[in-house]
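Student: Could you take me through one part of this model in detail, beginning with a pair of helices and how they pack?

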Amino acid sequence: MADGARCVLIVCEGNICRSPAAEVLLRVGLGEDAGIEVASAGLGARVGEPVDEPVRRRLLARGLPADGRARQLTPDLVRGADVVLTMTAAHRAAVVSRVPAAVRRTFVLREFAALARLAGPLDEPDPIRRLARLVESAGRLRAQRGPAHDDVPDPYRRGEEAHARALVLLTEAVDDLVTVLSPTAVHAP
């Protein structure tokens with residue numbers, strides 16, 4: 001990460017519900033000025049399938065794009081990402097087992113959001129450098145935070161309430177990240 005973080009990869013199972021929703025939320029939240037690429041993939045992706053209809057409806061209702069297609073997670077995608085954010089601790093373990101070198105830059109999304117809250121505003125004007133600093137300090141911040149249950153349950157084929165709950169959890173986590181990382185984030189004095 002010599003020149004700072006540039007790519008966030010978001011991972012779930014099928015890449016049709018949680019990870020594409022989080023990808024869109026984070027990309028839109030950060031905006032184009034952040035210079036951070038956001039992508040998603042699935043451990044067992046339903047390759048080529050569109051975003052699942054309940055997720056698609058919820059994203060469109062917010063005025064967000066919902067036109068992504070599922071793609072399979074590959075070791076190259078993980079190696080090319082500066083930080084990998086998963087939906088569950090099991091997904092994190094699966095990513096790290098496939099690419100052990102990614103262990104220090106792979107987090108559960110909600111865990112990373114909590115670490116961002118602990119870090120607070122970073123005295124760094126560049127969002128790419130803020131993300132790099134957050135990834136670099138994650139070990140220390142993890143120790144301060146302690147254990148927590150950060151999983152976003154899979155809503156696939158589980159009804160409207162499960163989809164609504166998953167989107168709330170994703171939105172909260174992404175909002176926390178955007179607050180710390182966006183180009184307009186408030187900096188520490």
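Tutor: Helix H2 (residues 53-61) and helix H8 (residues 160-181) pack with their axes 10 Å apart, at an angle of about 50°, where helices are DSSP runs of H or I of at least four residues, strands are E runs of at least two, and both are numbered from the N terminus. Axes here are lines fitted to C-alpha atoms, for helices over the stretch in contact, and angles run from 0 to 180 degrees between N-to-C directions. H2 and H8 are therefore oblique to each other, given that angles under 35 degrees count as roughly parallel, over 145 as roughly antiparallel, 65 to 115 as roughly perpendicular and the rest as oblique. From H2, Pro 54, Val 55, Arg 57 and Arg 58 meet Glu 160, His 163, Ala 164 and Leu 167 of H8, contact meaning heavy atoms within 4.5 Å.

The model is predicted, so local features need pLDDT of at least 70 and side-chain atom pairs count only at pLDDT 80 or more, while totals for chains, interfaces and linings use all residues. Residues are numbered from 1 along each chain as its sequence is written, and side-chain values use heavy atoms, with hydrogens and water left out.

H2 is also among the elements against which the buried residues of helix H1 (residues 18-30) pack, and H8 is another. In H1, 10 of the 13 residues are buried, so this helix is largely enclosed by the rest of the structure; buried means under 20% relative accessible area, exposed over 50% and partly exposed in between, with a 1.4 Å probe and protein chains only. Just after H1, Gly 31 takes a positive phi of about 80°.
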